[in-house]
Amino acid sequence: MSAQGVEAAADTVNVVSPETYIGYERADNFLSPSGMIVNKPRVYAKAGSLDINQWTLSGNWTVEKESASLNAANGGITFRFHARDLHLVLGPGADSKLVRFRVLIDGKAPGAAHGVDIDAEGNGTIVGQRLYQLVRQDEPIGDQTFQIEFLDPGAQAFAFTFG
């Protein structure tokens, strides 16, 4: 039986994007017109153009040591990446309510490139704190822009991993 989903072997030949942490303690390559404010609610405007491995927040977030928490609906994260698979460690807020989200790749629904935790239209739900496989694409692999928009408040984002 071959491994499926997040347990499938990484495509190391095509992984250019490194594990990336969202919390301020280890956040690298964060881009925002106004910088990162820590431990306080802040409305972030999405950065315009991202280079490979840069990421940005949009909406009302509180960036903490190990994660960022969405304070209001319709906030998001955008990441310019290069890999076959994109995973994101997510969790619900302190109230444990489900959080709906939608993923886009280069501004479109992922279609056949969707991971096991979303459908072809990019829809998914945070049901607990864990690693979510959001992108699994076929070759050729190139630089792409990943966007996730959370439709409900309370999402917690911890780290991106790639395979």
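The structure is a predicted model, in which local features need pLDDT of at least 70 and side-chain atom pairs count only at pLDDT 80 or more, while totals for chains, interfaces and linings use all residues. Residues are numbered from 1 along each chain as its sequence is written, and side-chain values use heavy atoms, with hydrogens and water left out.

The protein chain contains 11 strands and 0 helices, where strands are DSSP runs of E with at least two residues and helices are runs of H or I with at least four, numbered from the N terminus. Along its principal axes, the C-alpha trace spans about 45 × 35 × 25 Å. Of the 163 residues, 49% are buried, a word that here means under 20% relative accessible area with a 1.4 Å probe, counting protein chains only. Among contacts with a separation of 6 or more, 68% join residues 24 or more positions apart, a contact being heavy atoms within 4.5 Å.

Against this background we can turn to S17, which is found in the segment before β1 (20–21). S17 is buried, with a relative accessible area of 4%. Beyond its neighbours within four places in sequence, S17 is in contact with N53, F79, R80, F81, H82 and F162. With N53, the side chain of S17 makes a polar contact, side chain to side chain, at 2.6 Å. A polar atom of the S17 side chain also lies 2.8 Å from the backbone nitrogen of H82. By contrast, the C-alpha atoms of S17 and N71, which are 54 residues apart along the chain, are separated by 28 Å.

A polar contact is a pair of N or O atoms within 3.5 Å; within protein, one must be able to donate a hydrogen and the other to accept it, and residues adjacent in sequence count only if both atoms are side-chain atoms.

Key. Buried means under 20% relative accessible area, exposed over 50%, partly exposed in between (1.4 Å probe, protein chains only).
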